[in-house]
Amino acid sequence: MRLYFVLLITVFFFNVANAQLKSQSNWQQKVDYLIDVKLDDNNHILNGEIAITYHNNSPATLDTIYFHIWPNAYKSINTAFAKQVEENGEMDFYFSKDKDRGYLDSLNFSSGGVKLKIAPTSDIDVIKVVLNKPLVPGKKIVLFSPFRVKVPKVFSRLGHKNQDYFITQWYPKPAVFDVNGWNPMPYLNQGEFYSEFGSFKVRISLPDNYTIVATGECQTEGELVGSKKGTGSETLLSSSKFKTVEFKAENVHDFAWFASKRFGYETKLIKLKNKEVLARVVASEPKKKHLDYIETAVTYYSDKVGEYPYSHATVVHGELKAGGGMEYPMITICDNMGRDVIIHEVGHNWFYGILGSNERTYPWMDEAINSFYDQNATKDTAQSKGLSNEDFIEIVEKDQLLTNENQPINLHSEEYTSMNYGVSIYGKGSRVFYHLRDYLGEDLFDKCMRNYYEEWKFKHPLPDDMHNSFEKTCGEDLDWFFQDLLSSSEKLDYGVEQRKGNYFLVNNGDVEAPMPISFSSNGVDRIIWMTAPAYGEKKIENLGIEYDDIRIDTAGISFDLFPSNNELKEKLALKFGMGKDKPGVKEMYWLPTIGWNAYDKTMLGVMLHNYSFSNKPFQYHIMPMYSFNKNSLNGIAEVNYTNTKDSFAYYTEFGFKAMSYNFRQPGFVEVDYKYLKLAPYITWHLPKSRLRSSLSRQFKVQVDHVLFKPQFEFNNDTLSGPRTERARNRSFITGVYNVKNDRKLNGYQFELMAEVGRISNKVVLGDLGNKQIRRLYLDTTDNSIDTIFYFPNIGEKNEAEIFARLSGSFKYNVDIGMKNKPLELRFYGSWLLKEYANALYKNSVGSADRAGYYDYRFDDVLMHRNPEYGMFRNQISNRRDFSKFVGPIAQSDKWLISANLTVPLPGRVPLKPYAEIIAFNDMEDLIFNDSERKFFYNVGVEVEIIPNRLEVFINLAQSAEVSEYQESTYIGIDNLLERMTFVLDLSNLTPPRIKRKLINL
């Protein structure tokens, strides 16, 4: 019993120790810095010394201090930063040269003349300094150390571009010690920082012709006065004379500086209620209009949040690889000098700078709130035409919600996918604050935010501190916002329904957030905020008002996923093109279409669809087209429904495809047929171990039914052969399991496919013993006579046979040290479990001189199916064995394997040499394989125009037996041009699939 009790207590305290407390302490550490550093711009080196006064205001006795030495993040490809950017698919740093990387070294900490021990941690950019004696509460310690920084090229934030310097996260910095203890964190590109407040006195020595700007006030006479013209792109030699510029800053938690010989600056005084603030824009060609953006931010945030406490707000135009801009106290760097970016980055002074929240752990406390304010700050200024950045984020966010790839707003920054870091934090995160503001009312919301700011500025507030502050000011329970809306990964989806004369507010999600409900009477709206239980409903009654219509969230302030159910009276609207769905309107869009293929020739039609900028659960397109050549109605159509509530999968797609065109099929009577393909399918997108994983899996089952209708007058009396096929039907069921790893290094894809087919033929039989000459042809080239026979019809019969195949492919991209240019390996294997006599269904080798001949399920959209002439006879498919041999080489009736190697070339030339080998069970029995070779080979060069969509293969050399056979066949393939093959893949080019591909680039 005693042992059980001890274990229980141990487990309890372990869990408490590892849980993050979300309310800050009433004490706070303080760190003061003296830094003296010199720039060597020939070698991109900073040599410096630092003195740190660490004030222990906590109740704990400290024997070590954690330090961030973040320049070491750029030291190797094994750091947390390097691993994160690689996982995010950003490969510049991985393929960088050693000379372009960076680090911090030469540390030698001492205190009171005593050298201190430095202990490593699991991260190369985090260390522990062991104190020579414990630092008790209420005392301080002064730490001294030299340090040296090798400034990397710009891969993230710290770096240089030639001799422009962007010096951020650059000095040894103590980690924050707060209510949760130490907060050591490696440098990351995705995810920002948490640093201790204090003071800075920094002296920077550099060549005299550099312009330098920094956090804090410049103390050096003659520096940063008036305005200065930049030099543009002109390259200047560095002065041999050095200068030392000093900056001081109080009550800041970071210090950044930027220097260039090309920099100039423009300035402007901004008037606030109680002071003036200097706005400064710094660039090689500074523009005065950017000062107006700084003024907008400073005045708006000062009015809505709290007055700006510093003397200047500076924006630098420079190189950055961590978003459009990055903020530091009093100064920000922007790679994109657009209005929205500048306002957003300057606005960070309030939430990242002055409040100083732990943004690595709670990114929403800075990025989400700041995005809400920067959007409001720009509402009254000129807006660009088209979709805004917020619109794009909302589109992707709704797509992610639909496929369960969304993530809650309150996760740690490193847990997000690179897409969701922007979508969840900047997009949905900012949107929920509109919801809160409208619920409280703008005046009360502003009061809540001002009180929160005044209470917690310079104090590192945590989530519960904001929660408690807002509730204290507004006097309402806001758990629905801080504990539900911020933390839920579920979809917010309210609807209104009418049943038997009663109205119901229906909640289709698990978030019980109050929603603004508009009750209309004679065109006049009255808004009442109402809540319905999770996955439940609330009857609307006893309101004491009259109404003839009910609508949910007419202003669109919430992140309601499916606005189509927000109104009782939904309208149908036919619109041109494509657009953004509106509540209460069921949009159908139309577009004129034109098509062409070799049999139908030119086709005209219309496309009807319901695709909007955001995907929806039910989507469709119908594209009928009329062929004037065949007087035939053709086209394609697809219906797709996405189910997001499948416990077996992330999401499941139910769909139905239809396609119909005219074509000519070898083996049929040599006239045209029309095919109709009907294909229902189900695709399960299987769960990942974690959303950041690049590994995805899916399983798809599809049933294909292909019907053929002859487009000719059939002569029932006489036949052109002893067996004439009047029509064919084909039915298939296919299961495909796909595993794909989209990582940039050594990515791979595995696909296993099982298919069973039933081929039905209606055969007309001729009397072989009574054949008669129909016509004689004289060939004038050799005076030979060609005889055409006809056969009397003696009956019909139906035939049906089954075939079954198991096949698989494996693709692997091998990193060989060339960015975005892997060595590509591909292996394919196929086994016929049940053979069907027709060569169409055997394992094929070669293009068969007819594009689409082996596409027996009619998966491909082709401009010329089964051509015997012209460029399209060498078109091949990239879906099956993908052999690049030309012509009908062979058909295997049992097994076939192939391997393909594609080697990238350096530079931007889209050429890739390839080699392939192929082997099959009866290869030695081929008539033309006199040497009884075990495999055939083919080597050539691939021209990649659009990867996997448009590629050309130039076959330069191949097995001699194959060449001899090609030259001797009726098509006579005997030169390089005729051995070229190509891929032109026009399938699955629907707006949702194209959008998803573009988003994932």
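Glu961 is buried, at a relative accessible area of 8%. Buried stands for under 20% relative accessible area, exposed for over 50%, and partly exposed for in between (1.4 Å probe, protein chains only). Glu961 forms a salt bridge with Arg933, with the closest N and O atoms 2.9 Å apart. Glu961 lies in helix 11 (residues 960–968) and Arg933 in the loop between strand 48 and strand 49, so the pair ties together parts that are 28 residues apart in sequence. Arg933 counts as partly exposed, at 34% relative accessibility.

This is a predicted model: local features need pLDDT of at least 70, side-chain atom pairs count only at pLDDT 80 or more, and totals for chains, interfaces and linings use all residues. Residues are numbered from 1 along each chain as its sequence is written, and side-chain values use heavy atoms, with hydrogens and water left out.

**Overall build**

The protein chain has 12 helices and 51 strands. Helices (H or I, at least four residues) and strands (E, at least two) are DSSP runs, numbered from the N terminus. Along the principal axes, the C-alpha atoms fill a box of roughly 115 × 80 × 75 Å. Of the 1001 residues in the protein chain, 53% are buried.

**Salt bridges**

The structure holds 45 salt bridges. Each is a side-chain nitrogen of Lys or Arg within 4 Å of a carboxyl oxygen of Asp or Glu.

| Pair | Closest N and O atoms |
|---|---|
| Asp438 and Arg437 | 3.5 Å |
| Lys797 and Glu799 | 3.2 Å |
| Glu961 and Arg933 | 2.9 Å |

Asp438 is partly exposed, with a relative accessible area of 30%. Lys797 is partly exposed, at 37%. Salt bridges also link Lys677, Asp704, Glu755, Arg805, Arg857 and Asp859 in a network.

Two strands pair if DSSP finds at least two bridges between them. Strand 7 and strand 8 (residues 126–135) run antiparallel over 4 bridges. Ala119 has Lys128 in strand 8 as its bridge partner.

**Surface patches**

Asp925, Asp930, Glu932 and Glu964 form a negative surface patch. Asp930 sits in the loop between strand 48 (911–920) and strand 49 (936–946). Asp930 counts as exposed, at 68% relative accessibility.

A nonpolar surface patch of about 540 Å² is made by Ile594, Leu604, Tyr626, Phe628 and Leu633. Phe628 is in the loop between strand 34 (618–627) and strand 35 (632–643). Its relative accessible area is 52%, so Phe628 is exposed.

Patch residues have over 30% relative accessible area and no salt bridge; like charges are joined within 9 Å, nonpolar side chains (Val, Leu, Ile, Met, Phe, Trp, Tyr) within 5 Å. Accessible areas come from the Shrake-Rupley method with a 1.4 Å probe.

**Positive phi values**

Lys500 has phi near 55°, a positive value in a residue other than glycine. Lys500 is in the loop between strand 25 (494–499) and strand 26 (502–507). Lys500 counts as exposed, at 87% relative accessibility.

Tyr535 has phi near 50°, again a positive value in a residue other than glycine. Tyr535 lies in the loop between strand 28 (524–530) and strand 29 (537–540). At 49% relative accessibility, Tyr535 counts as partly exposed.

Terms used
Lys, Arg positive; Asp, Glu negative; His and termini not counted. Charge placed at Lys NZ, Arg CZ, Asp CG, Glu CD.
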